[in-house]
Amino acid sequence: MTGAASASDPAADALLAARLLLTSPGTLGGIRLRGAGPARETVIAAMRNAGVKMRRVPSHVDDERLLGGVDIAASLASGRAVYQTGILTEAARDEAILLIPMAERMSDALAGRLIQAMEDDACKLSWILLDDGIDPEEEPPASLLERTAFHCDLSQAEHADAAALPNTGAAMDTSQTAPLDREALTALANTAAALGIHGLRPLIFAQGAACAHAALHQRSNCTEEDLRVAVRLVLAPRATQIPQLEEDAPEPPPPAENSSPDQEPTDNSNPGERALEDVLVEAVQAAIPADLLAQLSGGKVRRQAQSSGAGQKRKSALRGKPLGTRPGLPRGGARLALIDSLRAAVPWQPLRRRELAGDTQTHQIIMRKEDLRVKRFEERMGRVTIFCVDASGSAAAARLAEAKGAVELMLAQVYVTRSEVALIAFRSEGAELLLPPTRSLTRARRALAELPGGGGTPLASGLNMARDLADMIAARGRTPSLVILTDGRGNIAADGSPGRKQAAEDAEAAAKAIHRAGHEALVIDIAARPGPHAPELATSMGARFLALPMADAKMLHAAVAAATSHTSQAAA
């Protein structure tokens, strides 16, 4: 394979991944299909038409229905405890794949139950995760994604060719395919390292996918094509950095001392051949998601495991995402979970009736305090993105124009992300809060219409005001996120006096105060020629760093969204 790799078709890749999963379901775990639409429906329909059995698992399923337990309706009708078979047992018995809709709403407890069942030797399961998440932080639990071989994003795919998935109803025998040799395993490991992928499970999945692809084409040994398919389908979606190919060829070794001057140096290498890992890295670049290419330009944006796209999570008794129930009384605003309370009481009915002087004819449910269950919820706190913009010097007009455009782009999405935006500008001798936290696009445009620019750079004052605003936002139960747009070179101290030395010391102290407060921050160096000052400021602040010397409003908005996005690579 030479030249640039052509862009891969996400719908065709999803169909191929489904075919590989059905070829070796016990090894590859499952497939994640993100993005509702006709392409995803075509993949599911093609699997069903090929004879694949599916067992639907609602994201809100309870333990009794999932694992087996008391059938509450039958028990109430008969007056005795009636037990039912769980979905996992039925799926294992029928050799069916679990179909999990709205997987982005799945609780960690349900993910743990599925993982436990998958790792049970007597109950081999695989699944299809239907991910309807819109925001980056809306995704299935990381522990389940880690054990899912294929992550297919169909949000931009318009259609899929169902004919590309023939004869997938029965699993094929992959034992006839020889395992990968040392060279192939080393190439996969080096490719994973180039993509910033850590851990053994992705490599195990890649090896299984390569062997499944070889078995699918009735090959006894894996070829370079099988490895390319494996890295495209398994490793590329997990990439956390942009791979770099070696451009400079190594110099040939000097001739031996005892060799003749007229003797040609021996070179056993074929100039037309390249290292296998270079071929795989080049092949995988076409399959890396386009947004990752923008987010991780140069590998300078560090992604974190904590959810940050739309605010942190907290437990609630009134509203939010359901988290199941717990024993307790419905007081203090907590809601009674009637069905779960009845389910807890049903197994004890025969014993309680015998305790009531032999009154065994009554069909009333005898409830006790310990039977009561209350509902639990998880709600996401609102996020406030605070732009702190350096409005000093000759480049102030361009910087403020970029900030205006980025703020307006973010405000256009607040109804989806439930977020707010604030703007601080620092210039001359101090900082000014130009736009308090708001969701109003009209108010933002009015405040951004006339912004002053020029003068000195009171960097410390801007950082101190940003920290104070973030502290106030956090005290009100919301999640602040700081975006600092500066070149990192202040010349006005915190008290308003000029002087670069004191200004640098005050800015460093203000940055360390933000770090101690634990606020999430991003420093964007928008100087025409990025220097060392902004990265040093980011280090003192414990913040992520991104250099965008030629940023426009759209690029700035994309950088902020990338820096605050949730990564699905968190370890279980």
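Q: What makes Phe 545 the partner of Val 523?
A: In this predicted model, a bridge links Val 523 to Phe 545 in β16. Strands here are DSSP runs of E with at least two residues, and helices are runs of H or I with at least four, numbered from the N terminus. Residues are numbered from 1 along each chain as its sequence is written, local features need pLDDT of at least 70, side-chain atom pairs count only at pLDDT 80 or more, totals for chains, interfaces and linings use all residues, and side-chain values use heavy atoms, without hydrogens and water.

Q: How do you know that β15 and β16 pair?
A: Pairing requires at least two DSSP bridges between two strands. Four bridges join β15 (residues 520–525) to β16, and the two run parallel; therefore they count as paired.

Q: Why are β13 and β16 called edge strands?
A: The open sheet has the order β13-β12-β11-β14-β15-β16, with mixed pairing. β13 (430–438) and β16 (544–547) each pair on one side only.

Q: What makes the 51 residues a nonpolar core?
A: Such a core is a set of buried (under 20% relative accessible area, 1.4 Å probe, protein chains only) Ala, Val, Leu, Ile, Met, Phe, Trp, Tyr and Cys residues joined through side-chain atoms within 4.5 Å. Among the members that touch the most others are Leu 20, Met 47 and Ile 128. Helix α1 (residues 10–23) gives the most, with nine residues.

Q: Which residues does Ile 128 touch?
A: With contact meaning heavy atoms within 4.5 Å, Ile 128 touches residues including Ile 31, Met 54 and Leu 99, leaving aside residues up to four places away in sequence.

Technical notes: Buried < 20%, exposed > 50% of the residue type's maximum accessible area, 1.4 Å probe, protein only.
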